[in-house]
Amino acid sequence: MNRFILFSIFLVLFSFQLGYAQTMDSVMTRLLNGNRRFMNQMAIHPNDDRNTILKTSKSQRPFAIVHTCSDSRVSPELIFDQGIGDLFVTRVAGNVMGDGGLGSMEYAVEHLGVRFILILGHTKCGAVTATISGQKPAGHISWLTDKILPSYQRTKEMQGDIIDLTVIENVRHSMSEVMRDSALLDSALRNQIIIAGAVYHIEDGSIQIVVPPQLLTK
Ligand SMILES: [Zn+2]
């Protein structure tokens with residue numbers, strides 16, 4: 001009897017894990033399929049009709065959080081071919097992480113039920129290039145470059161294109177800041193949240209996954 005109960009519990013947990021993994025897999029697939037449509041000039045521009053506007057005016061249920069750069073060439077709804085109410089987007093130059101980004105993500109997870117976070121950098125990022133130049137920018141821009149500097153320091157001795165390397169490292173760094181600093185880590189939701197990292201190529205419109213989806217854990 002006890003063995004039967006244990007086996008049943010195992011089956012339920014296994015099914016839950018499997019189902020959850022498939023759900024998260026489908027979120028990434030949905031984003032990548034949208035990007036493929038965009039890249040191949042076959043965008044369907046979903047959920048931008050009057051009916052969607054009316055429906056989402058009552059409540060929103062986005063399926064993913066995208067944290068990315070403010071760059072005018074990196075508009076998540078366009079490059080992933082999504083519509084109104086689909087993506088919860090936070091944007092800061094250099095896709096650096098700060099209290100505003102973290103607070104916005106926490107809101108989306110806790111109040112809107114989002115369970116998938118994508119940190120998205122992009123090629124030829126101006127904020128990354130400014131950091132690598134070594135010049136101290138004026139005003140608040142230096143806050144951005146100071147946030148990117150640790151990534152540059154880790155990549156500057158590496159072989160390869162220094163901007164590309166730093167863009168990827170900066171995505172990883174922003175992910176690690178979410179994993180380190182977010183209050184989500186202390187919430188009961190911790191084991192349900194998936195985070196991934198990607199780079200958008202402004203040259204051809206493609207997405208490169210640099211950190212595959214993983215659980216948001218320390
Ligand atoms: Zn940028």
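Which exposed residues does the face of H4 turned away from its buried side carry? They are Asp99, Gly100 and His111. Please keep in mind throughout that this is a predicted model.

1. **The buried side of H4.** Gly101, Met105, Ala108 and Val109 are the buried residues I would look at in H4. Seen down the helix axis, they fall within an arc of 90°, so they line one face of the helix.

2. **The length of H4, and what follows.** H4 takes in residues 99–112, 14 residues in number, and at 1.5 Å a residue it should span 20 Å. Its end C-alpha atoms are 19 Å apart, which agrees. Just after the helix comes Gly113, with a positive phi of about 80°.

3. **The sheet.** Five strands make up an open sheet with mixed pairing, in the order S2-S1-S3-S4-S5. The edges are held by S2 and S5 (206–215); each has a single partner strand, so one side of each is left without a neighbour in the sheet. On average, neighbouring strands are turned by 20° against each other, direction ignored.

4. **Pairing, strand by strand.** S1 pairs with S2 in the parallel sense over five bridges, and Ala64 stands opposite Leu87 in S2. S1 also pairs with S3 in the parallel sense, here over four bridges, with Val66 opposite Leu118 in S3. S3 and S4 (residues 194–201) run parallel and are joined by seven bridges. In that pair, Ile119 stands opposite Gly197 in S4.

5. **Helices on the sheet.** H4 packs on the sheet and touches S1, S2 and S3, its direction making about 165° with that of S2. H7 packs on the sheet too, touching S1, S3, S4 and S5, and its direction makes about 150° with that of S3.

6. **S1, covered on both faces.** How many of the five residues of S1 are buried? Five of the five are, and the strand is mostly covered. Ala64, Val66 and Thr68 are buried on one side, while Ile65 and His67 are buried on the other.

7. **Ile65 as a point of reference.** Ile65 lies in strand S1. Is it buried or exposed? With 26 C-beta neighbours inside 10 Å, Ile65 counts as buried, because the cut-off is 20 or more. Leaving aside its neighbours within four places in sequence, Ile65 is in contact with Phe88, Met105, Ala108, Val114, Phe116, Ile117 and Leu118. Met105 and Ala108 are among the buried residues of H4. The C-alpha atoms of Ile65 and Ile195 are separated by 9.3 Å, although these residues are 130 apart along the chain.

8. **H6 and its kink.** Where does the kink in H6 lie? A kink of about 35° is found at Ile148, shortly before the proline Pro150. The 15 residues of H6 (residues 141–155) should span 21 Å at 1.5 Å a residue, and the end C-alpha atoms are 21 Å apart, which agrees. Ile148 is itself buried, as are Leu144, Thr145, Lys147, Ser151 and Thr155. The buried residues of H6 pack against helix H5 (126–133) and H7.

9. **Two residues with positive phi.** Please also look at His45 and Asn95. His45 has a phi near 45°, a positive value in a residue other than glycine, and sits in the loop between helix H1 (2–39) and helix H2 (50–58). Asn95 is not a glycine either, yet has a positive phi of about 40°; its place is in the loop between S2 and H4.

Key. Residues numbered from 1 in each chain as written. Predicted model: local features only at pLDDT ≥ 70, side-chain atom pairs only at ≥ 80, totals over all residues. Expected span 1.5 Å × (residues − 1). Buried ≥ 20, exposed ≤ 12 C-beta atoms within 10 Å, placed from the backbone. Arc of directions from axis to C-beta. Pairing = 2+ DSSP bridges. Axes fitted to C-alpha atoms, helices over the stretch in contact; angles between N-to-C directions. Contact = placed C-beta atoms within 7 Å. Bend = angle between axes of the 7 residues up to and from the residue.
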